[in-house]
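Here are my notes on the model, as numbered points. Please read them with the structure open.

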There are 2 protein chains.
Amino acid sequence: MDMWFSEVHTPDVKLSLRTAQQLYSGKSEWQDIAVLETPAFGKILVLNGHVLFSDADDFVYNEMVVHVPMAVHPKPKKVLVLGGGDGGVAQVLTMYPELEQIDIVEPDEMLVEVCRQYFPDFAQGLDDPRVNIYHQDGLRFLRNCEAEYDMIINDATDPFGHTEGLFTKEFYGNSYRALKEDGIMIYQHGSPFFDEDESACRSMHRKATQSFPISRVYQAHIPTSPAGYWLFGFASKKYHPIEDFKKDKWKERQLFTEYYTANLHIGAFMLPKYVEDILEEEEGRK
Amino acid sequence: MDMWFSEVHTPDVKLSLRTAQQLYSGKSEWQDIAVLETPAFGKILVLNGHVLFSDADDFVYNEMVVHVPMAVHPKPKKVLVLGGGDGGVAQVLTMYPELEQIDIVEPDEMLVEVCRQYFPDFAQGLDDPRVNIYHQDGLRFLRNCEAEYDMIINDATDPFGHTEGLFTKEFYGNSYRALKEDGIMIYQHGSPFFDEDESACRSMHRKATQSFPISRVYQAHIPTSPAGYWLFGFASKKYHPIEDFKKDKWKERQLFTEYYTANLHIGAFMLPKYVEDILEEEEGRK
């Protein structure tokens, strides 16, 4: 059987992956969930027709949203992850013994169950005793928090659909309030290459820049992302991602990584000119 | 009409682009040549079924193979480009007034003619009076050169087919000989992500490391490349790409770029851990 799954990047571009078999298909209260087995990327999780992650490239994403802020914040204890029901982000967070509490707000209980079954390597992160899972709406959860967290990782990638609330101006304001006075928020900045994605990317930077005194953007190469290129936002009340980067301290930990290195931490903030231009325009610097 | 062109990255992965029309199709002595019009990438040049470049992302490649060595070499005068019949690399080279001679060795005369017709913006680089085009085999041309060039840019991307000779151990040795005592060679290092590409990437690094005292690898994000990720080799007799980088001098030139910046020059050499591991293994350091 010659079966292909297509990830539609824009109406005019799609990435197609040969598919050995569909392992799971279901519909939760929130979304369509599917798990496919592919020769190139191993198992992939598909939500509403879009790849959320794959066995082969999820390490890039998980390492980049966790190690970058963890290597900057001097004494993080309490982290909030919005989304993240697959456990991949939690798994990397649990490498850090100084973290005392990891709260994961994932509205979709079925998603967690599917990930536990098909992606046990990632999902084991959810079993750490410091991890608490709340099956609630992320924005509603956030409204009740004040000066509580050292770090917030917004793991929601889709500015449309049921996670739409995690991309509004209100969200950035509520995140600011939920963070302690030296807190850091990491969020998904999207892919800047295709015209279809550029305006979402601009809008996110505008909102973050208006809400946080420090707002920088960093990059990673994720093959299943649109154009293979993904940006992350680093929004912070006090610490600068490069000036306050504790390079030697991080290296001394000798953590196992496949993407992140202390050098790459710095390089990830060195962006192409066309991306710099987009960001500077939204900052009113250009 | 719903027409799609598929760039086959591996037998299990393809990038498909909606195609408005096929503008040209022909067969030279060396290869099948096609030009397609696509909404997402503008015009694309397809050789033997593979995208060589597109209107939308060729700037990344051209800037990265030219500005990186030009910002390191203190007094380059004479450059050799192997391949490059489209003129894109030549066009960026002609931004530098200190260059006195730009020799382009492109065996395929028909390719040059097609590019002149369909990609006049790139091809205008070929009209600069300092540019000489030789319709010859690159490896044969190189065999007759000794201590002649300050820089060699190997623009050939395919280690198979008629450019195979530009990926052999002999090629790296001949390039070394053709360079002056402080010469720099830039070459295509391939895409390291898919298993299918990794062995070619390893083999190239091994050959370059054995032939040149300085051999470093840098990266760029090119959406039409396999996994959207491309590596370049910087092989050099004397200058180190970072230690000898003349950042201020380059910035003073105020050249127009869309991808390269003096900052990105440094970041491009900060590679993901899995790439570092591959390179270190081939260097015998791991």
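1. Helices (H or I, at least four residues) and strands (E, at least two) are DSSP runs, numbered from the N terminus. A:Asn48 is not a glycine, yet its phi is positive, about 50°. Its relative accessibility is 45%, so A:Asn48 counts as partly exposed. The cut-offs are under 20% relative accessible area for buried and over 50% for exposed, with partly exposed in between (1.4 Å probe, protein chains only).

2. A word on the basis. This is a predicted model, where local features need pLDDT of at least 70 and side-chain atom pairs count only at pLDDT 80 or more, while totals for chains, interfaces and linings use all residues. Residues are numbered from 1 along each chain as its sequence is written, chains are lettered from A and ligands numbered from 1 in the order in which they are written, and side-chain values use heavy atoms, with hydrogens and water left out.

3. A:Ala227 also deserves a look. A:Ala227 has a positive phi of about 60° and is not a glycine. Its loop runs between strand S12 (214–221) and strand S13 (229–236) of chain A. Is A:Ala227 buried or exposed? A:Ala227 counts as buried, at 5% relative accessibility.

4. A:Lys78 belongs to strand S7 (residues 78–82) of chain A. With a relative accessible area of 18%, A:Lys78 is buried. Its side chain makes a polar contact with the side chain of A:Glu148, at 3.3 Å. A polar contact is a pair of N or O atoms within 3.5 Å; within protein, one must be able to donate a hydrogen and the other to accept it, and residues adjacent in sequence count only if both atoms are side-chain atoms. Neighbours within four places in sequence aside, A:Lys78 is in contact (heavy atoms within 4.5 Å) with residues including A:Gln101, A:Asp103 and A:Tyr149.

5. A:Ile242 lies in the loop between S13 and helix H8 (247–253) of chain A. A:Ile242 is partly exposed, at 31% relative accessibility. Beyond neighbours within four places in sequence, A:Ile242 is in contact with A:His265, A:Ile266 and A:Phe269. A:Gly267 is 25 residues away along the chain, with 9.9 Å between the two C-alpha atoms.

6. A:Gly267 matters for the next point too. Of the residues of chain A, A:Gly267 comes closest to the rotation axis, at 1.9 Å (C-alpha). Chain A can be laid on chain B with an RMSD of 0.0 Å, by a turn of 180° and a shift of 0.0 Å along the axis. The two copies are therefore related as by a two-fold rotation axis. The superposition is by least squares on the C-alpha atoms of residues with pLDDT of at least 70 in both. The copies meet through the same surface, because 100% of the interface residues of chain A are also interface residues in chain B.

7. B:Ala123 is in helix H4 (residues 120–123) of chain B. B:Ala123 is buried, at 3% relative accessible area. Not counting residues up to four places away in sequence, B:Ala123 touches B:Asp86, B:Gly87, B:Cys115 and B:Arg116. B:Val112 is 11 residues from B:Ala123 in sequence and 8.0 Å from it in space, C-alpha to C-alpha.
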